Amino acid sequence: MKRSITLITLMTSVFYAQASSATFTVTNTNDAGVGSLRQAILDANGNSGLDTIQFNIPGAGVHTITPATFLPFINSPVVLDGETQPGASANTLAKGDNAVLLIEISGAILTNNANAFVLQTGASGSAIRGLVIDNGWSTAVLVQTDTIAVEGCFLGTDPTGSIDKGNTQGVNADFGSSASATRVGGTTPAARNVISGNSIGVVIQSGANSLIQGNFIGTDATGSNALSNSTGVDLRSNDIVVGGTTVAARNVIGANDTGISISPSTGNLIQGNFIGTDVTGTKALGLGDGIFITGAALIGGLTATPGTPPGNVISGNRGGGGTGRGIVVANGISNNVIQGNLIGTDATGTQPLGNGLEGVEIFGASNVIGGIDVMARNVISGNGRNGILVGTDNALVHDNLIQGNFIGTDITGANLLGNSGDGVLVSISTNNTIGGQVTTAGAPPANVIAGNSGNGVNLLNFSQTSGLSVLGNSIFANAALGIDLNNEGVTLNDPGDADTGPNNLQNFPVITSVTESSGSVNIIGTLNSRPNTAYRIEFFANDAADPSGFGEGQNFLGSADVTTDGVGNKAFDVSFPFTDLVNVVTATATDPDGN
């Protein structure tokens with residue numbers, strides 16, 4: 001009986017020893033042999049526990065390891081920790097110091113023919129920490145298993161974090177791998193990576209529930225200066241979070257030809273980031289488009305103050321001759337939601353920091369910009385061309401909603417910060433909505449569209465643009481018309497509204513009398529349009545007349561539903577409560593198809 005018990009105890013002891021953690025120390029920069037990084041990886045692979053590879057290389061300053069052949073693939077859990085080298089340090093919260101990284105893994109010999117670190121099946125739970133991985137690797141960290149962390153590294157820069165020594169890719173969650181729960185960075189300064197100077201900073205090709213948080217992507221280690229990737233973040237899989245709902249999770253995705261590319265995928269969240277700016281959110285660094293979408297994602301989210309997490313600041317994307325755009329939803333792409341962002345202003349929302357061309361371009365269907373909740377509001381102002389562009393002849397563009405936004409003002413909605421073109425330009429599309437039927441003046445779904453250098457809303461391209469509902473918005477102080485059908489100035493009424501063009505060149509109501517008394521305003525007039533058709537007439541009060549003689553629509557007064565007779569005529573006599581002085585009253589008519 002004793003002998004049997006002794007055997008069981010011995011077997012348990014042997015199993016424990018095989019699964020125990022161990023620490024392996026790198027003591028030189030040799031390519032192989034005792035004390036080398038290569039030998040430490042081989043030793044860790046031979047032990048089944050969660051091991052640590054630490055560094056204790058004699059001498060001050062940076063120690064550069066330059067492999068002459070592929071390093072062993074990592075196939076057992078390990079924490080490979082460059083911060084253990086004497087004199088090294090991570091970022092600190094108290095001082096905001098930058099990391100001092102003293103272990104450099106250089107690809108100078110192998111260049112893009114090899115990957116620096118490959119984490120394979122069996123390495124789940126591993127971490128790469130506090131290393132400089134630079135000088136031309138194909139990929140600095142190639143992830144082929146789940147639950148991998150990359151934190152506190154410089155990927156694509158020199159050890160100072162200030163000079164471009166890029167790789168082809170910084171981090172790649174490899175295609176076809178079970179690379180779920182990859183974490184790049186984190187919510188503490190110590191976890192921040194600088195991922196700059198690469199062709200692609202981070203690419204997630206497989207797996208779900210990955211996090212990219214707290215990094216500087218496309219800047220130097222201070223977050224202040226440009227050190228560009230071609231693409232900062234490339235998302236090709238589902239359910240990935242870039243940033244988060246706190247400031248600590250914010251990525252600064254600065255100088256990149258494309259800040260974030262979202263390929264066909266679903267469930268991705270882009271939240272709380274500075275995209276196109278420096279770490280302060282006040283300096284333009286972006287080179288091309290901030291976000292380019294060919295999938296489906298939530299950009300931002302509900303927030304009491306636009307631009308604060310989960311909202312993003314998407315501004316300053318104007319390098320390369322000023323051609324960058326804030327957000328592009330590509331041809332035929334649907335079901336994106338854009339909410340709570342500052343697009344074209346600095347992080348305060350009070351100063352212009354425009355994208356080179358449009359703030360937002362929509363070339364697909366059923367996308368939402370803003371929403372019916374006031375916390376969904378985007379501020380889309382200060383951009384180099386139009387605030388929002390909807391429509392192209394290369395895709396079916398329909399059923400998009402633009403609601404509750406400030407387009408051409410600052411974050412308060414009171415100060416003008418206009419886009420250099422139209423507030424909203426619509427071309428070759430059907431059944432889109434700007435605003436909606438409001439119950440409270442100035443509240444969502446109405447937009448404020450003001451201060452733009454062109455029209456408030458502009459429709460192009462003859463009869464190919466129709467069904468654009470423009471309802472309930474506050475449109476004022478634009479340099480041209482409030483709403484322009486066909487981009488040719490005022491389109492006069494025609495009998496029976498028989499002409500055709502954008503929105504069928506819908507006739508407008510004619511106001512013949514306005515009187516004020518006892519806190520209300522009475523409006524009398526007529527509408528001539530298509531016979532036997534129901535129309536929604538909306539009425540607006542304005543502080544000043546438009547120079548054209550056809551005003552904009554500053555303050556929503558109310559609406560009336562009318563139906564024309566057999567020859568297209570209908571008189572109206574309506575009253576609405578309004579306690580302020582009425583200087584100018586304007587009206588629009590909208591048919592059952594939204595024109």
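Strand 45 (residues 534-542) and strand 48 are antiparallel partners, held together by 7 bridges; strands here are DSSP runs of E with at least two residues, helices are runs of H or I with at least four residues, and both are numbered from the N terminus. Two strands are said to pair if DSSP finds at least two bridges between them. Within this pairing, F540 has T586 of strand 48 as its bridge partner.

The model is predicted, so local features need pLDDT of at least 70 and side-chain atom pairs count only at pLDDT 80 or more, while totals for chains, interfaces and linings use all residues. Residues are numbered from 1 along each chain as its sequence is written, and side-chain values use heavy atoms, with hydrogens and water left out.

Stepping back to the whole protein, the secondary structure consists of 3 helices and 48 strands. The C-alpha atoms fill a box of roughly 105 × 55 × 45 Å along the principal axes. Of the 595 residues, 59% are buried. Contacts (heavy atoms within 4.5 Å) between residues at least 6 apart in sequence join residues at least 24 apart in 77% of cases. The protein carries 18 positive and 43 negative side chains, where Lys and Arg count as positive and Asp and Glu as negative, with His and the chain ends not counted.

Strand 4 runs parallel to strand 2 (residues 51-55), to which 3 bridges join it, and T52 stands opposite V79. Strand 4 also pairs in the parallel sense with strand 7 (residues 127-129), again over 3 bridges; in that pairing L80 stands opposite I128.

The loop between strand 4 and strand 5 (103-106) contains N91. N91 counts as buried because its relative accessibility is 9%. A polar atom of the N91 side chain lies 2.9 Å from the backbone nitrogen of A99, and the side chain also reaches the backbone oxygen of P189 at 2.9 Å. Leaving aside residues up to four places away in sequence, N91 touches D97, N98, A99, P189, A190 and R192.

Some backbone features also deserve a visit. Most residues other than glycine have a negative phi, and most peptide bonds are trans. P309 and P310 are joined by a cis peptide bond with omega of about 10°, and P310 sits in the loop between strand 25 (297-300) and strand 26 (313-314). The bond from P444 to P445 is also cis, with omega near 15°; P445 belongs to the loop between strand 37 (433-435) and strand 38 (448-450).

Positive phi values occur at A181, near 60°, and at N487, near 55°. A181 lies in the loop between strand 12 (169-173) and strand 13 (183-185) and, at 31% relative accessibility, is partly exposed. N487 is in the loop between strand 42 (483-485) and strand 43 (510-517), and is partly exposed with a relative accessible area of 43%.

Definitions and conventions. Buried < 20%, exposed > 50% of the residue type's maximum accessible area, 1.4 Å probe, protein only. Charge placed at Lys NZ, Arg CZ, Asp CG, Glu CD. Polar contact = N/O pair within 3.5 Å; in protein donor to acceptor, adjacent residues only side chain to side chain.
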